[in-house]
Amino acid sequence: MDYKDTLLMPKTDFPMRGNLPNREPEMQKQWEEQDIYRLVQERTKDRPKFVLHDGPPYANGDIHMGHALNKILKDFIVRYKSMSGYNAPYVPGWDTHGLPIETALTKNKKVKRKEMSVAEFRKLCEEYAWQQIEGQREQFKRLGVRGDWENPYVTLKPEYEAQQIRVFGEMAKRGYIYKGLKPVNWSPSSESALAEAEIEYQDKRSASIYVAFAVKDGKGVLENGERIIIWTTTPWTIPANLGISVHPDLEYSVISVGGDRFVAASALVENVASACGFEQYEVLKTLKGKELENIVAEHPLYGGRDSLVMLGDHVTTDAGTGCVHTAPGHGEDDFIVGQKYGLDVLCPVDEKGVMTSEAPGFEGMFYDDANKAITQQLEEKGALMNLEFITHSYPHDWRTKKPTIFRATAQWFASIKDFRTDLLDAIKETKWVPEWGEQRLHNMVRDRGDWCISRQRAWGVPIPVFYAENGEPIITDETIEHVSALFREHGSNIWFEKEAKDLLPEGFTHPGSPNGKFTKEQDIMDVWFDSGSSHQAVLEERDDLVRPADLYLEGSDQYRGWFNSSLSTAVAVTGQAPYKGVLSHGFALDGEGRKMSKSIGNVVVPAKVMKQLGADILRLWVSSVDYQADVRVSDAILKQVAEVYRKIRNTFRFLHGNLFDFDPKANAVAVEDLREVDQYILVKLNKLIDKVKKAYDEYEFAVVYHSIHNFCTVELSSFYLDFAKDVVYIEHADHPDRRSMQTVFYETLLALAKLTAPILPHTTDELWAHLTFVEEQSVQLTDMPEAVAIPNGEAVEEKFDHFMELRNDVLKALETARNEKIIGKSMEASLTLYPNKASQELLSAIKEDVKQLFIVSELTISGQEAPADAQSFDSGKIVVEKAEGEMCERSRVISKDVGANPKYPTLSLRNAEIVEKYYQK
C-alpha cells in the first residue's frame with residue numbers, strides 16, 4: 001500500500017499565496033454588501049464610546065504616502081478599540097475650501113474667473129471639490145480603512161457651515177473677534193492674508209543694505225548732520241519708513257570717520273565699520289538709547305519726510321546696527337512701536353505686491369523688482385553705506401511656494417491673548433504622544449500673536465458680518481442665528497447670491513443705519529477656522545460622536561495647523577480642549593531618508609503599491625515603523641515586509657491545515673491535561689496576548705508587529721510547528737498527543753487572527769471565512785482574546801525556557817555536523833548528550849519524547865565522560881553521528897527496527913503498529 005495515504009496531512013482551502021491585489025477588492029465588496037461598519041457599530045452600541053476624530057485631508061489630488069500612513073494608523077486604533085470593549089465610530093472628513101481648488105479651476109481647468117459672478121465661480125469650486133472627494137474616498141477605502149464612508153463630514157456641507165458660523169458668533173460674543181489695521185503675513189501670489197499655519201520657511205537670496213539717516217533735530221543730544229545707520233534685508237520697505245527704533249538700555253556710540261559722524265550700538269560698531277568699509281574710526285562719545293528718544297532724522301529718499309527715533313524693547317544686538325529701520329505698515333514690532341508714538345500706518349504696496357503712488361518714484365514696480373531701483377536711488381543720494389547679498393531663511397506661502405511680505409491691511413482677528421492662559425491650561429490637561437508634543441504646542445501658543453482669520457478669496461465660508469451706514473460692524477446673536485439658519489438651509493453661497501438686506505432678519509434695524517441700508521463683509525474665513533470648527537460642526541452635530549474626542553491623530557505639521565486651530569476655537573467657546581489626547585506622526589520619506597519629489601523620481605505611490613503587493617502589505621509596513629518620527633519607505637523595504645507577511649500567512653495556513661479534523665467541542669483537551677510542551681506554547685501565547693494588547697493600548701504598533709512576527713518565527717515555526725509534524729501527521733487521529741497539539745493550534749490560530757485583525761483586516765477576514773468552528777461572519781465582529789492563566793504556568797515556562805537554551809546548543813552541534821558532511825537533515829542524526837548536572841536534571845524532568853523535540857532519529861543521554869572529539873557547550877558536550885538503520889517510509893525517521901514487522905518491511909515498529917491498528921481493514 002502507499003503509506004502516504006495513512007498520513008494525516010494538512011487539508012486547507014486557505015491559499016498559500018495571498019494574491020492580495022485581486023482578492024482584497026473582492027473582500028471590500030463583500031464588506032460593503034454586509035455593511036460591516038454598521039454591523040460593528042450595532043454589536044458595540046451599548047459600550048462606552050471611543051472617538052478618534054478624523055482631521056480632514058484637503059480634497060485635491062490623489063492620496064500620497066502621508067495620507068496612507070495617517071489613515072492606516074487611525075484604522076489600527078479604531079479597529080482595535082471596537083474589539084476591546086468600546087464603541088468606536090469613525091467618521092472620515094474632508095477640508096474643501098481655499099486657494100488650491102480656486103487655482104485648480106483657473107489654471108488647470110482654464111475657468112475664466114473674471115467672466116462670472118462670485119456665486120457662479122463658487123458653484124464650480126464645489127463641484128470640483130465633490131469630484132476630488134469621490135476619488136480620494138475610493139482610494140482610502142482601498143487601503144482597507146473602515147468607516148462611515150457614506151456619511152462623511154465635509155466642510156462645505158450646509159450643516160457644517162451653519163455650525164462654523166455659530167462658533168464665530170460665540171467668539172465674537174465673548175469679545176474675541178475684532179477688526180483692525182495691522183501688518184499681517186500677506187501672499188502677493190495668493191493675493192490674500194495668511195495665518196501663521198500657512199507659512200513655511202525656505203532659503204531666499206536678499207539684498208542686505210546699510211543706510212544712513214541724517215539727523216535734522218538732535219534735541220541737543222546729537223548734532224544735526226550726524227547720521228544714524230540702519231540695516232535691512234528688505235530695501236523695498238524703505239519708502240514706508242517713518243522711524244528708527246533703539247533699545248532704551250543699550251549703549252550707543254557716535255563715531256567719527258574722516259570728518260563724518262555716525263551712530264550705532266556700541267556692541268556693533270566694529271561690525272558696522274567693517275561692513276561699511278571704515279578703515280579707521282574714533283569713538284567720540286557714548287550714550288544710552290533712552291537719550292535718543294524723539295530725535296528726528298530725515299528720510300534718505302524723501303527729504304520732506306521725518307523719521308522719528310523711538311524706544312523699542314524688540315531691538316537687539318544679534319545683527320545689524322542696533323538702530324532698527326521702522327515701517328509700521330510692514331512689520332509687527334514696527335506697528336506696535338509706531339502706535340505707541342502715534343505714527344501713521346503707511347503701506348505703499350498693494351495686494352499684488354506692486355508699489356503704489358505712496359512710494360513716489362517706484363509706483364507700478366513689483367516690490368522685489370523695486371529693491372534694485374531703491375538701492376540705486378539711495379546710492380545716488382549718498383545714503384547707501386553698503387550693499388551685499390545674503391541667503392537666509394524667509395517666509396513663503398505654503399501653497400504657492402512664493403515669498404510673503406508683511407503688509408498692513410484691515411483684517412479680522414481672533415484675539416488669542418484674551419484667552420491664552422486658558423489655552424495653555426488646556427494643553428497641560430491633554431495627554432500627548434509623544435510627550436514632546438505638549439511643549440511644542442505650549443511654545444507655539446505662548447508666542448503666537450492674534451490670529452488673522454480673514455482671507456481675500458472667493459471659495460470659503462464668508463465672515464458673517466454686516467456693516468451699518470456709518471461703517472459700524474454688526475455681529476449680534478440675532479444676526480448670527482439667522483445667518484446660521486440660512487446657511488443650514490441653503491449653504492453659504494446664499495451670502496454671495498443675495499443682498500445684505502435679504503440676509504438680515506426681517507425687520508432688522510440698527511442705530512447706525514437710519515436709512516435702513518446695510519452692506520456685508522466680502523472676505524471669507526481662514527480655512528483653518530473651517531477645519532478648526534469641526535469639534536462643533538461634527539462632534540457636537542452628530543449623534544454618534546461626542547465632544548471632547550478621545551483622540552486627534554495627525555502629522556507633526558498639525559501642531560501649527562489643526563491641533564492649534566481646533567484648540568483655539570474650542571477653548572474660546574467651551575473653555576476646554578476638543579481632545580483628551582493628541583498623537584502625532586512623522587513624514588513619509590524615501591528609502592534614503594529624502595523627501596519624496598516627482599522631480600527626483602523617488603515618490604512611492606500607495607495605489608501602485610496596492611496594485612503590486614496589496615493593501616495589507618502597506619498596512620503591515622505602517623505597523624513596522626517608528627511612526628512618531630519620520631519613516632522610510634521604498635520597494636526594497638516593502639519587499640522585506642512582504643516576506644514577514646508570508647511568514648504570518650503561512651503560519652495561519654499550517655495551523656488551519658492541521659485542524660481539518662478537529663472539532664473544539666468534541667476534541668479539545670483541557671489545559672491541565674495538555675502535555676507540558678503544549679502548555680508551554682500556551683503560556684507564550686498568553687504572554688503574547690498581553691504584550692500585544694498593551695502595545696495597541698499605548699499606540700506602539702511596531703511592538704505589535706515584531707511580537708507577532710517573532711512568535712510566528714521563533715516559538716512556532718522554528719520549534720513547535722517543526723517537531724509537530726511527527727505528531728499531527730504520524731499519530732492516529734485521536735491520539736492524545738495529537739489532540740493536545742491541535743488544541744493549542746486552535747487556540748493559537750484564533751488568537752493570532754484576532755490580534756492581527758486591526759493590521760491585516762483582509763487576510764484575517766479571508767482566513768475567518770475558512771474556519772468551520774466559528775460562528776461570527778467576520779473577525780471584525782469579535783473581541784480581542786483574553787489571556788488565560790495556565791496552571792503551574794511559571795514552572796512550565798521556566799523549565800522549557802531552559803530546554804530551549806539546551807536545544808540551541810543541539811542545533812549548533814547539528815549545524816557543525818552538517819557542515820562537516822556527517823549528516824544532511826537533522827533526522828539523519830544520532831545524538832549523544834553528555835549533559836552537565838543542571839542539564840541532566842532538566843532532561844530527567846522532561847516528560848515528552850526529547851528525541852522528537854530535537855527532531856533527530858536517535859538520542860542517547862550518557863553519564864559517561866565525553867570523547868575528545870565531542871563539541872563543548874554551556875549545557876555540556878554533544879556528539880553527532882550518522883544514525884544507524886534504515887529510513888521509515890512513512891515517518892522518514894531512521895530506525896534500526898525498520899522491517900521488524902515482516903508485514904511492513906519498510907516501516908518502523910511504531911509506524912507499523914499505527915498502520916495495522918488504524919488503517920488496515
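A: First, the residue classes: Ala, Val, Leu, Ile, Met, Phe, Trp, Tyr, Cys and Pro count as nonpolar, Asp, Glu, Lys and Arg as charged, and the others, Gly among them, as polar. By these classes, the lining of the largest cavity has 5 nonpolar, 3 polar and 5 charged residues. This is a predicted model: local features need pLDDT of at least 70, side-chain atom pairs count only at pLDDT 80 or more, and totals for chains, interfaces and linings use all residues. Residues are numbered from 1 along each chain as its sequence is written, and side-chain values use heavy atoms, with hydrogens and water left out.

Q: What makes a space a cavity, and how many are found?
A: On a 1 Å grid over the protein atoms alone, a cavity is a set of points where a 1.4 Å probe fits but cannot get out. The whole structure has 3 cavities of 30 Å³ or more.

Q: What volume does the largest cavity have?
A: About 110 Å³. Grid points are joined across faces, edges and corners, and a volume is the space filled by probe spheres set on the points.

Q: Which residues of the lining lie nearest the centre of the largest cavity?
A: Lining residues have an atom within 4 Å of a point. The largest cavity has 13 of them, and Leu99, Glu198, Arg399, Arg455 and Arg457 lie nearest its centre.

Q: What lines the second largest cavity?
A: Its volume is about 50 Å³. The lining is Leu620, Ile648, Val704, Tyr705, Ile708, His709, Thr756, Ile759 and Leu760. By class, that is 7 nonpolar, 2 polar and no charged residues.

Q: Which helix gives the most to this lining?
A: Helix H23 (residues 701–728), with 4 residues. Helices (H or I, at least four residues) and strands (E, at least two) are DSSP runs, numbered from the N terminus.

Q: Why are strands S4 and S5 called paired?
A: Two strands pair if DSSP finds at least two bridges between them. Strand S4 (residues 177–187) and S5 have 2 bridges, in the antiparallel sense, so they pair. Trp186 stands opposite Ala193 in S5.

Q: In what order do the strands of the sheet with S4 and S5 run?
A: The open sheet has 4 strands, S5-S4-S16-S18, with antiparallel pairing. Strand S5 (192–193) and strand S18 (451–452) are at the edges, each with a single partner strand, so one side of each lacks a neighbour in the sheet.

Terms used:
On a 1 Å grid over the protein atoms alone, a cavity is a set of points where a 1.4 Å probe fits but cannot get out, and a pocket is an open set with protein on both sides within 12 Å along at least five of seven lines; lining residues have an atom within 4 Å of a point.
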